[in-house]
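Please read the following walk through the fold, the salt bridges, the surface and the pocket with the coordinates open beside the text.

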Amino acid sequence: TIQDMSKDFSYKDTPPEIASYVYAKMAEIANKTDLYDEVKEVSTKKALSFVPLLKDKLLNSKDKLLTATTIAVAWHVIDLAAAVEFDLKEELENIVYRDFAYNDFDILKEKLTTAKSILVIGDNVGEHIFDYMFIETLQELYPNVEYSYLVRGKPIINDVTIVEAKEAGFD
């Protein structure tokens, strides 16, 4: 079926546009609205299992902003939906305690002092749990800023949607 569809793909379409056609067809064939709902559930459970440890790190941190930023970045490096097996706790420790290869943290910190609004763009499910922790920390440190979290309008792959965002506590 996808092979038949591909005859109608245009070279003007971007890869994400083509992917959206393919995923829509796959969802139709599978009779599901979200092909990755089980993967998302597992990713969320994995992420939630680390929240107590990471909240403790955040609570005992001398620099909450740096710790919250590092935690959020670390989870964007680890793709919880990847099929590769690894020790998640060990991988997290390696990332959290490693210096950034490219570090604009001081620029971020400076811009936060004058920011009126902040937009955080959600990516994969699981990561959204730590985006929430990151935004909570920002709200604590910069309470007069307006915060927004942008997510997908419809399910595609393991990207976070409004469903997962609300489950994580986003308004």
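The chain has eight helices and two strands, where helices (H or I, at least four residues) and strands (E, at least two) are DSSP runs numbered from the N terminus. Along the sequence these elements follow the pattern α-α-α-α-α-α-β-α-β-α. The model is a predicted one, in which local features need pLDDT of at least 70 and side-chain atom pairs count only at pLDDT 80 or more, while totals for chains, interfaces and linings use all residues. Residues are numbered from 1 along each chain as its sequence is written, and side-chain values use heavy atoms, with hydrogens and water left out.

Of the 171 residues in the chain, 36% are buried; here buried means under 20% relative accessible area, exposed means over 50%, and partly exposed lies in between, with a 1.4 Å probe and protein chains only. Ile-71, in helix α4 (residues 64-77), counts as buried because its relative accessible area is 2%, and its C-alpha atom is separated by 8.8 Å from that of Asp-131, a residue 60 positions apart from Ile-71 along the chain. Gly-126, in the loop between β1 and α7 (127-141), has a relative accessibility of 0% and therefore counts as buried; Gly-126 and Leu-48 are 78 residues apart in sequence, yet 7.9 Å apart in space, C-alpha to C-alpha. Asp-171, by contrast, belongs to the segment after α8 and counts as exposed because its relative accessibility is 93%, while the C-alpha atoms of Asp-171 and Ser-148, 23 residues apart along the chain, are separated by 9.4 Å.

The structure holds 11 salt bridges, a salt bridge being a side-chain nitrogen of Lys or Arg within 4 Å of a carboxyl oxygen of Asp or Glu. Lys-32, Asp-37 and Glu-38 are linked in a network of such bridges: the side chains of Asp-37 and Lys-32 meet at 2.7 Å, N to O, and between Glu-38 and Lys-32 the closest N and O atoms are 3.0 Å apart.

Most residues other than glycine have a negative phi, and most peptide bonds are trans. Asn-31, although not a glycine, has a positive phi of about 60°; Asn-31 sits in the loop between α2 (15-30) and α3 (37-59) and counts as exposed because its relative accessible area is 71%. Ile-157, likewise not a glycine, has a positive phi of about 45° and lies in the loop between β2 (146-150) and α8 (162-168), where Ile-157 counts as partly exposed because its relative accessible area is 32%.

Leu-119 has its place in strand β1 (residues 117-121) and counts as exposed because its relative accessibility is 52%.

The largest pocket has a volume of about 380 Å³, and of the 16 residues that line the largest pocket, the closest to its centre are Ser-20, Tyr-23, Lys-154, Pro-155 and Ile-156. On a 1 Å grid over the protein atoms alone, where a cavity is a set of points where a 1.4 Å probe fits but cannot get out, a pocket is an open set with protein on both sides within 12 Å along at least five of seven lines, and lining residues have an atom within 4 Å of a point. Grid points are joined across faces, edges and corners, and the volume is the space filled by probe spheres set on the points. The lining divides into 10 nonpolar, two polar and four charged residues, with Ala, Val, Leu, Ile, Met, Phe, Trp, Tyr, Cys and Pro counted as nonpolar, Asp, Glu, Lys and Arg as charged, and the others, Gly among them, as polar.
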